[in-house]
Amino acid sequence: MSDPSSSIALVTGANRGIGFETARQLASTGVHVLIAGRDHAAIGEAAEKLCADGLAAEPLVLDVTDPPTIRAAAAEVERRHGRLDILVNNAAVRVEEYGKQPSEQPMRQWRETFDTNLFGVVEVTTAFLPLIGRSAAGRIVNVSSLLGSLTTHSDPDSYAYTPMFKSLPAYSASKSAVNSWTVHLAYELRGTPIKVNAVHPGYTRTAMNDGAGDLDVTDGARTSVAMALLDADGPTGTYTHDGRTVPW
């Protein structure tokens, strides 16, 4: 993206963790960032932190599991800015318990996981797509996971091929579905300036991982930021981490 300073970005789940760091890094390039989340106080505090550092940020109430707030957020962005240049679908949950067999995870956890991790992504994207269509260079980044890779899950030498990560079937399947949504939407938008890509942030130390991981949030946000700022000759319909292709 040739001039980030003229861009408007929305990051879901942006009041903490990778989402907040993604917003901070985007804002550091001059992007005006909308800190989206369902907790009004939390997103307000997050936006204030960025503003205190001289960055351009504002809160936006948006619960990815609540269609009325999604529609209201889209209307508010249209009123304030008239368009959206970057959408980072970062909000996600991991509600399954480590240590259980895949068949032992209850259906309510599958539904809760998919409501946020897949259906929320689809509904937010479709609600904001008309505004992204007004951008000269729209970018949609879907934050996936290496656990969405069926190739990785099937590889006995991978870290996903362990009891720990095989106890997250709903989370993993939801991210595989996000990858599928990514390639479908990229196909629909082929021939337009809009680029749609999925990213694996890396195994990052966050509350979702109970503090476990190999990367800090600074590194975990970098792939999302890079794909959000792609130039016109950048790819679409891909699944990447740190500049490398992740196998589907």
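I count a salt bridge when a side-chain nitrogen of Lys or Arg is within 4 Å of a carboxyl oxygen of Asp or Glu. By that rule I get 9 salt bridges. Before going on, I note that this is a predicted model, where local features need pLDDT of at least 70, side-chain atom pairs count only at pLDDT 80 or more, and totals for chains, interfaces and linings use all residues. Residues are numbered from 1 along each chain as its sequence is written, and side-chain values use heavy atoms, with hydrogens and water left out.

**Entry: salt bridges**

I looked up arginine 80 and found glutamate 58 as a partner, with the closest N and O atoms 2.2 Å apart. This pair links distant parts of the chain, 22 residues apart: arginine 80 sits in helix α3 (residues 67-81) and glutamate 58 in strand β3 (residues 57-61). Helices (H or I, at least four residues) and strands (E, at least two) are DSSP runs here, numbered from the N terminus.

For burial I use relative accessible area: buried is under 20%, exposed over 50%, partly exposed in between (1.4 Å probe, protein chains only). Arginine 80 is partly exposed at 32%, while glutamate 58 is buried at 15%.

Glutamate 76 forms a salt bridge with arginine 79, closest N and O atoms 2.5 Å apart. Both are in α3, 3 residues apart, about one turn of the helix. Glutamate 76 is partly exposed at 22%; arginine 79 is exposed at 61%.

I also checked arginine 83 and aspartate 85, whose side chains meet at 3.0 Å, N to O, in a salt bridge. Shared partners join Glu58, Glu76, Arg79 and Arg80 into one network of salt bridges.

**Entry: strand β4**

Which way do the β4 side chains point? From β4 (residues 86-89), Ile86 and Val88 go one way and Leu87 and Asn89 the other, and all are buried.

I call two strands paired if DSSP finds at least two bridges between them. Strand β1 (residues 8-12) runs parallel to β4 with 3 bridges, and β5 (residues 139-143) runs parallel to β4 with 4 bridges. Leucine 10 has leucine 87 as its bridge partner in β4, and valine 88 has valine 141 in β5.

**Entry: threonine 113**

I picked threonine 113 in helix α4 (residues 107-132). Threonine 113 is buried, at 0%. Its contacts (heavy atoms within 4.5 Å) include Val93, Leu118 and Tyr171, leaving aside residues up to four places away in sequence.
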